Amino acid sequence: MKPPLLLYLLLYLLDNITPMNLFNTDESSGTTIHTFDLPDADIVFYEHFFTNRQSDELFKKLKENIRWQQDKIKLYGKIIDLPRLTAWYGEKAYGYSGITMPVHPFTDELQLIKSAIEKATDTKFTGVLLNYYRNGNDSVSWHSDDEKELGKNPIIASVSFGATRTFQLRHKTRKDLKKQAISLSNGSLLLMKGSTQHFWEHQVPKTSKPIGPRINLTFRDIQSH
Ligand SMILES: O=C(O)CCC(=O)C(=O)O
């Protein structure tokens, strides 16, 4: 049975009332801000930082336009594919875990996302590492974003589009503290600052659940080479 005309009209109106300004990420656009009472950490999670429509559109554009690469790592003496695709965009070169990333200039979409998060966080970012998780078999294992180019207390702004994945955090020395989990949903922004990277490490584990692709962007400020 077809929905009545009135319902179509209502859906049309609702859709068009949703703020479409990409930069409108205040309470009126539905953003919910969560803080975490964790020792040695300063973490803020903005749920629905981007609306679903903006996020779906940005996911599509990033998937098509980003110059994704398949990196390799050495594990127990064997060269294997990194379990995700990556790319680095920004003003300066960057590398991690022995991988040197070719640098590409910010695209229009990346510039838009960067401006939105810079405005909300009052921080300047000079580069972004992108991760493309094709399915639940793609992952990133325990690490901290503490490369020396990121400075003493790195500020990491992590934006997610696509399927929700679990982001886990564990304290490096305090074994009495429980492992934390945050569901990084479509359009969310996770901000990690202060001493977080010194004391905590994070991962996105593999999942056997049938889930779709996800793109994650971690904006960083590269201070020196
Ligand atoms: O995909 C994520 O949410 C985490 C990415 C990450 O840890 C990184 O790029 O260092």
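**Around the ligand**

Me: Which residues are around the ligand?

Reply: This is a predicted model. In it, the residues around the ligand are Leu-129, Asn-131, Val-140, Asp-145, Ser-158, Phe-167, Leu-184, His-202, Val-204, Asn-216 and Thr-218.

Me: And which elements give two or more residues to that shell?

Reply: Those are β9 (127-133), β15 (200-204) and β16 (214-220).

Me: How do the shell residues divide into nonpolar, polar and charged?

Reply: Five are nonpolar, five are polar and one is charged.

Me: Back to β9. How many bridges join β5 to it?

Reply: Six, and β5 and β9 run antiparallel. Leu-85, for instance, has Tyr-132 in β9 as its bridge partner.

Me: What about β5 and β8, parallel or antiparallel?

Reply: Parallel, with two bridges joining β5 to β8 (residues 103-104). There, Tyr-89 has His-104 of β8 as its bridge partner.

Me: Why is β5 largely enclosed by the rest of the structure?

Reply: Because five of the six residues in β5 (residues 85-90) are buried.

Me: New topic: what's the phi of Asp-40?

Reply: Positive, about 60°, although Asp-40 is not a glycine. For background, most residues other than glycine have a negative phi. Asp-40 is in the loop between β1 (32-35) and β2 (42-47), and it counts as partly exposed, with 15 C-beta neighbours inside 10 Å.

Me: And Asp-122, where does that one sit?

Reply: In the loop between α3 (108-121) and β9. Asp-122 also has a positive phi, about 55°.

Me: Is Asp-122 buried or exposed?

Reply: Exposed, with 6 other C-beta atoms within 10 Å.

Notes. Residues numbered from 1 in each chain as written. Predicted model: local features only at pLDDT ≥ 70, side-chain atom pairs only at ≥ 80, totals over all residues. Near = placed C-beta within 6 Å. Helix = DSSP H or I, 4+ residues; strand = E, 2+ residues; numbered from the N terminus. Nonpolar A, V, L, I, M, F, W, Y, C, P; charged D, E, K, R; others polar. Buried ≥ 20, exposed ≤ 12 C-beta atoms within 10 Å, placed from the backbone. Pairing = 2+ DSSP bridges.
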